Amino acid sequence: MSKAPIRVAVTGAAGQIGYSLLFPIAAGHVFGPEQPVILQLLELPVALGALDGVRMELDDCAFPLLADVITTSEAETAFGDADLALLVGSKPRGPGMLRADLIRSNGPIFTGQGKALDAAASENVKVVVVGNPCNTNCLIARHQAKRTNARNYTAMTRLDQNRARNQIAKKAGLAVGDVNRLVVWGNHSQTMYPDFTNGFIGDRKVTDLITDTEWLNGEFIDTVQQRGKAIIDARGKSSAASAAWAALDHARDWFRPTPAGEWVSMAVPSDGSYGVPEGLIFSFPCTVDADGEYHIVQGVELDAASKARIAASAEELVGERDAVKDLLV
Ligand code: NAX
């Protein structure tokens with residue numbers, strides 16, 4: 001192994017998503033077949049035993065690229081010199097719990113983890129928040145970014161994008177790999193907007209190939225927005241493997257230039273683009289350059305209905321920000 005290893009911190013590493021996430025990273029899926037990695041895994045003390053089992057399984061895979069595995073319940077140890085931090089661990093939404101309760105209950109976790117990240121991680125650490133409500137948890141963690149690069153605090157909406165691409169491909173009867181520029185705007189919640197108006201299948205607009213506008217404006221958007229619930233209803237557990245793959249997609253696509261003509265959905269700190277209040281963690285169409293910097297795609301044409309949906313999701317995020325304002329002082 002000639003290259004210096006990349007350090008990847010994962011929180012909630014013994015959970016469902018963590019378990020699906022670690023093995024592909026160790027196998028080279030994110031950073032390629034030449035790049036060694038060190039996994040730095042954070043869990044609650046109560047789950048350290050289970051995490052030890054995960055570490056044993058990682059060992060037993062004999063991954064040539066896996067230079068080391070650190071398991072800990074100390075956030076600063078897990079985030080030490082991390083180049084990538086996947087913040088997955090958080091409390092799940094319990095029966096009858098409102099979204100507002102979840103925000104209040106998980107917020108403090110992200111204050112503590114934000115502080116630990118800022119104290120210990122690499123200055124340019126790339127942060128991907130998966131734990132829900134991921135946009136606002138990311139906002140809270142980012143508020144602690146004094147030394148680390150505050151631009152690099154992002155939340156995951158890639159699962160929503162992947163879900164949207166699949167629905168469109170199925171409806172058109174074409175390959176999912178040909179669906180492009182089909183991004184999700186806004187909050188990872190039921191106000192998210194999968195924007196079919198700018199999507200392509202091959203070199204044809206989605207709206208040229210799928211002319212059933214009632215389906216696009218109704219069932220399609222509803223299916224993407226409700227897909228998480230549909231999976232819980234069917235499986236009895238929330239999405240795990242698909243969420244893990246989406247986190248891997250998000251990370252991989254942030255460490256390589258975006259292929260020409262493609263866009264990726266990333267919830268990033270708003271710079272005011274498209275009228276989204278500055279600082280909200282909002283999913284936009286993005287591209288990544290050769291230096292690993294993301295950019296919000298500018299000049300995307302939006303019809304009145306799209307603008308209204310984007311504004312509604314921004315408004316929801318403003319409400320979430322207000323609900324945690326004591327954690328942002
Ligand atoms: P699990 O309950 O299986 O695992 C979570 C793990 O996090 C547990 O092992 C727990 O011990 C650990 N944990 C809890 N608090 C922690 C803390 N303060 N520090 C370190 N570890 C901690 O949940 P899982 O199915 O893996 O889901 C994890 C999170 O992803 C949830 O918040 C879930 O809502 C969220 N999701 C986000 C998605 C997205 O698209 N952004 C989709 C999938 C998923 O619903």
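Predicted model: local features only at pLDDT ≥ 70, side-chain atom pairs only at ≥ 80, totals over all residues.
Helices and strands here are runs assigned by DSSP and numbered from the N terminus. Ala-62 sits in the loop between α2 (48–60) and β3 (66–72). Its phi is positive, at about 50°, even though the residue is not a glycine. Side chains of opposite charge can pair when their charged atoms come close. Searching the whole structure turns up 12 salt bridges.

Now for the bigger picture. The chain splits into two parts, with domain 1 covering 6–155 and domain 2 covering 158–325. For the contact, domain 1 provides 33 residues and domain 2 provides 38.

On the domain 1 side, three residues stand out: Lys-126, Asn-135 and Arg-151 supply 21% of the area that domain 1 buries against domain 2, more than any other three residues.

Polar and charged partners also turn up at this boundary. There are 14 residue pairs in polar contact across the interface, counting pairs with both residues at pLDDT 80 or more. The number of salt bridges between domain 1 and domain 2 is 2. As for a salt bridge between named residues, the side chains of Arg-99 and Glu-320 come together at 2.9 Å, N to O.

Which elements give two or more residues to the side of domain 1 that touches domain 2? They are the helices α1 (16–27), α4 (99–120) and α5 (134–142), plus the strands β5 (126–129) and β6 (153–155). Helix α5 gives the most, with 7 residues. Sorted by type, the residues on this side of domain 1 come out as 19 nonpolar, 8 polar and 6 charged.

Pro-133 lies in the loop between β5 and α5, and the peptide bond joining Asn-132 to Pro-133 is cis, with omega at about -5°.

Asn-132 comes up again around the ligand, where it is one of the closest residues, together with Gln-16, Ile-17, Glu-43 and Ser-90. In total, 23 residues surround the ligand. A backbone N or O atom of Gly-15 is 3.5 Å from a ligand oxygen, while Met-156 places a backbone N or O atom 3.5 Å from a ligand nitrogen. His-188 takes part through its side chain, with an N or O atom 3.2 Å from an oxygen atom of the ligand.

Notes:
Residues numbered from 1 in each chain as written. Heavy atoms only, no water. Domains from an automatic or database assignment. Contact = heavy atoms within 4.5 Å. Buried area = accessible area lost by both parts, 1.4 Å probe. Salt bridge = Lys/Arg side-chain N within 4 Å of Asp/Glu carboxyl O. Polar contact = N/O pair within 3.5 Å; in protein donor to acceptor, adjacent residues only side chain to side chain. Helix = DSSP H or I, 4+ residues; strand = E, 2+ residues; numbered from the N terminus. Nonpolar A, V, L, I, M, F, W, Y, C, P; charged D, E, K, R; others polar. Near = heavy atom within 4 Å.
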